[in-house]
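Please look at the sequence and the structure below before reading on.

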Amino acid sequence: MIDDIVQPIAEPVPVKGKLHRITGKLGIGDIAFNGVAQLLLIFWALMVIFPFLWMIMTSFKTDPEILFSPWNLPDTLQWNNFSRAWNEAHIGRYFVNSLIVIIPSLAGTLLVSSMAAYVLARFEFRGRQLLYYLFMAGLMFPVFLALVPLFFLVQDLHMTATYQGLILVYIAYSLPFTIFFLTGFFRTLPTEVAEAALVDGASHFRIFFNIMLPMAAPGLIAMGIFNFLGQWNQFLLPLVLMPDQNKYVLSQGLAFLAIQQGYANDYSALFAAMTITMIPTLLVYVLFQRRLESGLTAGALKG
Amino acid sequence: MHHHKYRLIIPFLLPALLLYGAFVLWPYAQAIYVSFTSWRGVSPNKPWVGLDNYERAWNDPRLTDALSRNAQILIVLPLVTIAIALTFAALFTQGSNAIRGAGFYRVVFFFPQVISAVIVGILWSYVYHPNVGLLNGVLGAVGLGSLERAWLGNPTTILWAIVAVAVWSSVGFYMVIYIASMQSIPTSFYEAATLDGANRWTTFKDITFPLIWETLRTTLIYIGIIALDFFVLVQVMTGGGVGSGRRAEVAALYLYNQAFDRSRWGYASAIGVILLVLTLLLSVVIMRLTRRETYEF
């Protein structure tokens, strides 16, 4: 089932050797090259995997075990760390808050961007280039430069500490890249079906929603995953725009918890909270790895 | 094309334009205006003070310190990240036969990039923990106990400990970009080089490197912009830059503290504008410095 969804946009290029030796035989140099390569790669793989494994292992330990035998496996798996993190440390609430924000903001991002991208990709009108570059300018600047006025703007709109404020801002800051990606995507779609429908008297609106959007599904999925990660991991915007502790989103709540637990010495709940926060990302990554890679790297390559 | 097309164009563009204009473009424009005022956020009127905030920034040793840290990061972060990512990408593409487990390595290396910087920051502040931390434990286990220290408590190591985390989390991302770029080079180039008796290093130096140059300079600008920001990791790993964390304070964190702790909105905005100008300058300078003949293929 997953395979149906994850039809890659472009066939992923398999990682393999470029340099085909004419002889077809492996010389000593090749064997040495591969040996050194494997050593380096294994080293880095361990560097990446080890901290995460340590984190997961630690989240199953008691506090004394963490402090006095940080290296050993837990004696018994402390599942109660997770329930403590979920309930007492409010990670459960933050998790739900994140969902409350991210579901509408993802839907909004995809709808608003795909409409704009469709028009930018498929229609000729005055100022089209200008508009496109205007959106692309947003790719250049780090978000924190706009923080101060953004904070006051949201305050003036009476949307500080509200979900809708955060949702609108998330959508706005996701637009440049999503529009950039989807404009490129709409340009690659064939025009014949839409033209035939137009001749048959279908309205532009119907053509967009009934024909073009379904055709653009792979691009929309790629951007859905990309923005899910970006918005799920977002820290700076909620830090400034969501001062209400009951409405903290997950990464914000986690950072708050880290400072708190540092004082309270409840490391086990903190590690459990980190593991809980990582799980959705891990799942999305494992399921959509290829798609994600192409989405994440497209911007850097073309930007 | 169709004379009713504006009935579609306008309503389709309007939501995006409104949101983008209001929440992205307008704040940037606002920031420039506020930077010329001494606004403290309480009263609605913003007293105009001309260049005072900029003059103050010029004479503020704390800002100078913070910016010099950004400058150090700017030199080290791109070099180290690109060197490692490029090495790995070359290992995957320059060998005479496929590296065993290539797919696995690629998935693993890329993974930290998708994890929230907050998790990465917290996790690594425990990896660096003086007593229960993974790093000191590993150093002790391999007989390098003399190197053990409080990595984030020590003023000489704190900044580089944080930079190392940034390298760790992004190497896989750049590696994948370089692999894609290297794989777009036609195989025939390499075959010709092999026939001429070129070894791996010459092939890499004379073929691969010049042909992925465009990608390299793009990523250089990309990492440069990140080096001028660097907010989240420092904020999370130093608890907001308090105590010994001051030794890792970067300009963005100083901006944040001036704005949201001290309510010096005018001054904070001036720092923001300075960073914006520096970001743009950096992009232009890198573009100029790295301009070379491009090769069409």
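Helices here are DSSP runs of H or I with at least four residues, numbered from the N terminus. With that in mind, helix H10(B) is followed by B:Phe230, whose phi is positive, near 60°. The model is predicted, and the predictor gives the complex an ipTM of 0.88 and a pTM of 0.87.

| Element of chain B | Residues | Mean pLDDT |
|---|---|---|
| Helix H3, highest | residues 61-93 | 95 |
| Helix H8, lowest | residues 187-195 | 85 |

Where the chains meet, 81 residues of chain A are in contact with 84 residues of chain B. On the chain A side, helix H2 (residues 28-58) gives the most, with 14 residues, and by class this side has 62 nonpolar, 13 polar and six charged residues.

The largest nonpolar core has 183 residues, and those with the most contacts inside it are A:Ala273 and B:Ile162. Helix H7 (residues 158-183) of chain B provides the largest share of this core, 18 residues. Leaving aside residues up to four places away in sequence, A:Ala273 touches A:Ala85, A:Ala89, A:Ile91, A:Leu254 and A:Leu257.

How far apart are the end C-alpha atoms of helix H10 (residues 213-229) of chain B? They are 25 Å apart, which agrees with the 24 Å that its 17 residues should span at 1.5 Å a residue. Several residues of H10(B) are buried, among them B:Thr218, B:Tyr222 and B:Asp229.

Key: Residues are numbered from 1 along each chain as its sequence is written. Chains are lettered from A and ligands numbered from 1 in the order in which they are written. This is a predicted model: local features need pLDDT of at least 70, side-chain atom pairs count only at pLDDT 80 or more; totals for chains, interfaces and linings use all residues. Two residues are in contact if their C-beta atoms, placed from the backbone, lie within 7 Å. Helices (H or I, at least four residues) and strands (E, at least two) are DSSP runs, numbered from the N terminus. Ala, Val, Leu, Ile, Met, Phe, Trp, Tyr, Cys and Pro count as nonpolar, Asp, Glu, Lys and Arg as charged, and the others, Gly among them, as polar. pLDDT is the predictor's confidence in each residue, from 0 to 100. A nonpolar core is a set of buried Ala, Val, Leu, Ile, Met, Phe, Trp, Tyr and Cys residues joined through C-beta atoms within 7 Å. A residue is buried if 20 or more other C-beta atoms lie within 10 Å of its own, exposed if 12 or fewer, and partly exposed in between; C-beta atoms are placed from the backbone. The expected span of a helix is 1.5 Å times one less than its number of residues.
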